[in-house]
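Please look at the sequence and the 3D structure below before reading on. The briefing then takes up the fold, the helices, the charged pairs and a few individual residues in turn.

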Amino acid sequence: MKYTELKDKTAAELNKMLKDEKLLLFEKRQKLKTMQLTNPKEIGQTRKNIARISTAINALKKDK
């Protein structure tokens, strides 16, 4: 996911995506603890996605 894909979305869509990504991060961390996660780098990718979404939300707030 890239920031350019996110900047055209509405605040409601971004907030839903942020909630989904945070839930996904929680699930991946649980899988890591139970040794079910095969690629630990997925956690870092999910954290970066959360940061990108948060940046897009802040940019929308700043424009208003």
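What follows is a short briefing on this structure, with lead sentences and then grouped points.

This is a predicted model, in which local features need pLDDT of at least 70 and side-chain atom pairs count only at pLDDT 80 or more, while totals for chains, interfaces and linings use all residues. Residues are numbered from 1 along each chain as its sequence is written, and side-chain values use heavy atoms, with hydrogens and water left out. The chain has three helices and zero strands, where helices (H or I, at least four residues) and strands (E, at least two) are DSSP runs numbered from the N terminus.

**The chain as a whole**

- If one takes the contacts (heavy atoms within 4.5 Å) between residues at least 6 apart in sequence, 61% of them join residues at least 24 apart.
- The chain carries 17 positive and 8 negative charges, whose mean positions are 7 Å apart; Lys and Arg count as positive and Asp and Glu as negative, while His and the chain ends are not counted, and the place of a charge is taken as NZ of Lys, CZ of Arg, CG of Asp or CD of Glu.

**Helix α3 and its buried residues**

- Helix α3 covers residues 41–63, which is 23 residues, and reaches 34 Å from its first C-alpha to its last, close to the 33 Å expected at 1.5 Å a residue; the expected span is 1.5 Å times one less than the number of residues.
- The buried residues in α3 are Ile43, Thr46, Asn49, Ile50, Ile53, Ala56 and Ile57, and the buried residues of this helix pack against α1 (3–6) and α2 (11–33).
- Asn49, in helix α3, counts as buried because its relative accessible area is 14%, and when residues up to four places away in sequence are not counted, Asn49 touches Met1 and Glu21.
- Ala56, also found in helix α3, is buried at 3% relative accessibility, and with residues up to four places away in sequence again not counted, Ala56 touches Tyr3, Leu6 and Leu14.
- Ala56 and Thr10 are 46 residues apart in sequence, yet their C-alpha atoms are 9.6 Å apart in space.

**Salt bridges**

- Side chains of opposite charge can pair when their charged atoms come close.
- The structure holds two salt bridges, each being a side-chain nitrogen of Lys or Arg within 4 Å of a carboxyl oxygen of Asp or Glu.
- One of them joins Lys16 to Asp20, with the closest N and O atoms 3.1 Å apart, and these two residues are separated by about one helical turn because they are four residues apart in helix α2.
- Lys16 is exposed, with a relative accessible area of 53%, whereas Asp20 is partly exposed at 40%.
- Lys28 and Glu42 form a salt bridge at 3.7 Å, N to O, and this pair links distant parts of the chain, since Lys28 is in helix α2 and Glu42 is in helix α3, 14 residues apart.
- Lys28 counts as buried at 14% relative accessibility, while Glu42 is partly exposed at 23%.

**Two residues to look at closely**

- Glu21, placed in helix α2, is buried yet has no salt bridge, and the nearest side chain of opposite charge, that of Lys28, is 6.5 Å away.
- Leaving aside neighbours within four places in sequence, Glu21 is in contact with Met1, Thr46, Asn49, Ile50 and Ile53.
- Met35 has its place in the loop between α2 and α3, where it is exposed with a relative accessible area of 73%, and the phi of Met35 is near 60°, a positive value in a residue other than glycine.

Note on methods. Buried < 20%, exposed > 50% of the residue type's maximum accessible area, 1.4 Å probe, protein only.
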